[in-house]
Amino acid sequence: MSVFLAAAALLIHNVTVIDPASRAVRANADVCVAGERIAGSCDGATVIDGSGKYLIPGLVDMHVHLLAHPWTEQGYLKNRYDRGTVEQMLRAFLDFGVTSVRDVGSESEAAVMFRTMVQNGTLEGPEITTCGRILESGTFDPEPFAIVNSAADVRREIRWQKAVGVDCIKLYADLPPDLVGVAIDEAHKNGLPVTGHLQRTSWTQAARLGIDGVEHPAPWSRQYVAVADRGAYVESLLGRIYWLEHLDEKAIDEMVADLVKHHVVVDPTLMAIHTKWFGDDPRWTENPDNALAPPLIVRGWRAFTYTKEWTPEQYRAARATWPMVLRITKKLFDAGIPLVAGTDTPTPWIVPGASLHDEMRLLHDAGIPAMEVLRIATARGQGAGGGAQAIVPGARADLVLLAKNPLEDIQNTRSIVYVIKRGQIVTPRQQPSAPRALRSAPSSEP
């Protein structure tokens with residue numbers, strides 16, 4: 001279990017500061033922490049020797065589901081979240097240097113309660129921003145979905161979530177463009193940003209309607225498949241392989257231009273597709289990080305994964321398209337679209353906290369420089385208070401002290417010495433001695 005070590009003031013002495021907000025590296029620096037903020041100077045401080053070490057801002061996971069219902073050992077979802085599992089997840093985030101998370105789908109009232117408990121110090125965990133229940137059309141209505149099939153439904157649900165106290169609104173795949181437009185209008189009237197895991201409504205349409213952010217590596221909408229190939233496209237998880245193989249590049253370029261024009265933030269969640277495309281890799285089940293994940297969640301993963309029934313041929317076809325997923329991510333980055341880092345934890349094999357470091361590795365594999373990856377992974381983005389965090393006087397003291405330089409190897413973000421959250425030192429549990437190697441190229445091996 002993590003332990004908070006309180007001090008009136010802290011001085012991190014002679015450390016190399018890596019500040020992604022300014023893209024600056026400052027050697028032999030002193031960083032003072034007084035209360036919950038970074039200070040210009042501090043007297044009577046507890047001194048931490050930063051010699052040979054590296055200081056970065058606290059990491060941010062912008063796509064988590066804190067109140068996800070665990071799977072049983074028989075592969076079925078439980079009918080409610082498990083409180084002990086939520087507490088274990090929150091501790092795991094801190095252990096891996098994640099000091100802020102955005103919950104993009106949980107029961108609104110309970111999610112706000114957990115957020116408040118962390119804010120007032122009665123519950124240990126990262127700062128939480130919550131989008132509450134996910135707005136979706138149709139009849140599929142288990143938690144944490146709120147079914148909205150009319151404009152009146154949309155406005156009523158968003159007003160309720162505003163009254164409950166959520167920080168943002170999340171839209172889902174089957175919501176049509178007219179209701180997406182209503183949701184954006186109502187949310188913005190109530191001062192709430194909107195993000196979406198969209199498919200029926202394309203990212204191009206959503207950008208033009210004024211959405212603030214979109215989730216996952218690609219929209220998977222039929223509009224982006226080459227016209228001659230659309231008839232054979234099946235909108236399913238397996239169908240995404242076909243989608244990647246038959247892209248309409250002109251439509252993708254138009255989408256990118258609209259995301260740029262309308263300042264839409266993209267959260268690629270590469271781990272969400274990597275764990276599926278490489279779902280037959282035994283390294284998931286043998287991952288040493290699993291020892292630090294809530295046991296109830298790990299037992300469920302062993303019983304259920306989204307691609308468990310795929311054949312070896314289907315996995316090989318999926319892996320062959322992985323470079324295309326990375327290419328889309330790099331295209332978004334090169335266009336200047338603001339990216340944030342999210343993981344979709346705790347869906348199968350995505351370990352709370354640890355998998356954000358995997359996400360950074362995948363972003364780097366896409367061709368994004370290490371400093372820019374750190375900038376992405378320390379950005380709160382829409383709905384959580386702005387861009388990359390800075391290490392300057394007046395900034396909130398959410399910091400991670402590393403033993404190794406992450407600019408030399410992005411996996412060095414795992415070399416955590418101390419985590420500082422709101423000015424207090426968090427002593428992390430013992431972490432695995434070596435990070436799991438992630439495949440980033442197609443392979444014919446199982």
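Predicted model: local features only at pLDDT ≥ 70, side-chain atom pairs only at ≥ 80, totals over all residues.
At 48% relative accessibility, Pro 312 counts as partly exposed. Pro 312 belongs to helix H10, which covers residues 312–320. Asp 280 is 32 residues away from Pro 312 in sequence, and the C-alpha to C-alpha separation of the two is 8.0 Å.

Now to a second residue, His 216. Is His 216 buried or exposed? Its relative accessibility is 8%, so His 216 counts as buried; the cut-off for that is under 20%. His 216 sits in the loop that runs between strand S14 (213–215) and helix H6 (239–245). Its side chain makes a polar contact, at 3.3 Å, with the side chain of His 197. If we leave aside neighbours within four places in sequence, the residues in contact with His 216 include His 63, Trp 203, Val 266, Asp 267 and Pro 268. Thr 269, Ala 272 and Asp 344 are also among them.

Helix H2 is residues 108–119 and helix H3 is residues 151–164. Their axes come within 10 Å and cross at roughly 25 degrees. Angles under 35 degrees count as roughly parallel, and therefore H2 is roughly parallel to H3. The crossing of H2 past H3 is right-handed. Which residues of H2 and H3 make the contact? From H2 they are Ser 108, Glu 109 and Val 112, and from H3 they are Trp 160, Gln 161 and Val 164. Sorted by class, the contact of H2 with H3 has three nonpolar, two polar and one charged residues.

H3 also meets helix H4, residues 177–189, where the axes come within 9 Å and cross at roughly 30 degrees. That angle makes H3 roughly parallel to H4. H3 passes H4 in a right-handed crossing. On the H3 side, the contact is made by Ala 151, Val 154, Arg 155, Ile 158 and Arg 159. On the H4 side, the residues are Leu 179, Val 182, Ala 183, Asp 185, Glu 186, Ala 187 and Lys 189. By class, the contact of H3 with H4 has seven nonpolar, no polar and five charged residues.

Last, helix H9, residues 295–303. What are the buried residues of H9? They are Leu 296, Ile 297, Val 298, Gly 300, Trp 301 and Ala 303. These buried residues of H9 pack against helix H1 (83–95).

Terms used
Residues numbered from 1 in each chain as written. Heavy atoms only, no water. Axes fitted to C-alpha atoms, helices over the stretch in contact; angles between N-to-C directions. Helix = DSSP H or I, 4+ residues; strand = E, 2+ residues; numbered from the N terminus. Parallel < 35°, antiparallel > 145°, perpendicular 65-115°, else oblique. Left-handed = near helix turned anticlockwise from the far one by under 90°. Contact = heavy atoms within 4.5 Å. Nonpolar A, V, L, I, M, F, W, Y, C, P; charged D, E, K, R; others polar. Buried < 20%, exposed > 50% of the residue type's maximum accessible area, 1.4 Å probe, protein only. Polar contact = N/O pair within 3.5 Å; in protein donor to acceptor, adjacent residues only side chain to side chain.
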